[in-house]
Amino acid sequence: MTLLRAENVEARHGLLPAVRGISFGIAEGEVLALIGANGAGKTTLLRTLAGAHPLTNGQITYDGSDLAGIPAHQRVRRGIAYVPEGRRLFPELTVEENLLVAGRRAQPGPWHLESVLAAFPALGPLRDRPAAKLSGGQQQATAIARALMTNPRLLMIDEVSLGLSPKAVEEVYACMTVLRDSGATVVLVEQDLGRALSTSDRVVCLLEGRIVLDADTEGLSREEVVTAYFGFHQARRS
Ligand code: ATP
């Protein structure tokens, strides 16, 4: 079942068209990697889907309903969670408090404080630590865990591994494996193409605000991805 569908979605920054006529769907249970060079429009697209950036044109349908005019906080209630680049935790609150604050807006579902801490075992020993005192990897794991506390049907994570040490990247991708195995529907933005390909079922590549590749990961060659990423020629499959 298609959980979210974008039809001809456009979004601007002032006069600049950052997302230009994008159409794609996300199936329930799918892990989709959104890739593209700096400035390709990935963050603007995710923010637009989350309701944090205005839609200039087009339509976003989620679970069969048009999201036009639905503000970001109501999208969270409907099960759309967004982990922004830079994580945006409450720095003075502990890990546990950050999770509990998100849980107040939760839909009913399997994720609550104890189940999230069980799924992310690295966070258990840190539950009383203020977010400001966490490493980058621990902050990213906390941000993903916090989003899970809302029991999302669709989890969108911007820049999963940006700025993290190799060890922290391993830790965060261990969390991604937990998510995959739980059947979550995930859109992740990832600069590391190897990680993006190995973690996802499908890849969507943006170039200058447009989709230049939309393909199942299985059978997709690195050359096809690199070609789309750098815009050597436009590629579109399946
Ligand atoms: P990055 O990987 O660098 O975060 P991105 O693919 O997420 O890039 P966006 O951040 O969505 O791309 O940017 C798309 C376009 O919109 C770029 O041309 C960028 O310069 C522009 N842009 C992004 N944010 C703003 C802003 N706040 N004001 C003006 N222009 C912006």
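Let's start with Tyr229. It counts as buried, because its relative accessibility is 10%. Buried here means under 20% relative accessible area, exposed means over 50%, and partly exposed lies in between, using a 1.4 Å probe and protein chains only.

A word on the basis. This is a predicted model, where local features need pLDDT of at least 70, side-chain atom pairs count only at pLDDT 80 or more, and totals for chains, interfaces and linings use all residues. Residues are numbered from 1 along each chain as its sequence is written, and side-chain values use heavy atoms, with hydrogens and water left out.

Now the rings. The structure holds 1 aromatic pair. Tyr229 and Phe230 have ring centres 5.0 Å apart and planes at 65°, so the pair is edge-to-face. The rule: rings of Phe, Tyr and Trp (its six-membered ring) pair if their centres lie within 6.5 Å; planes under 30 degrees apart are stacked, over 60 edge-to-face, the rest tilted.

Next, a charge. Arg195 places its charged end over the ring of Tyr173, 4.9 Å from the ring centre. That label needs NZ of Lys or CZ of Arg within 6 Å of the ring centre and within 35 degrees of the ring normal.

Last, the backbone. Strand E4 covers 57-62 and strand E5 covers 65-66; strands (E, at least two residues) are DSSP runs, numbered from the N terminus. Asp63 counts as partly exposed, at 36% relative accessibility.

Glu208 also is not a glycine, with a positive phi of about 50°. Its loop runs between strand E9 (202-207) and strand E10 (210-216). Glu208 counts as exposed, at 58%.

Notes:
Helix = DSSP H or I, 4+ residues; strand = E, 2+ residues; numbered from the N terminus.
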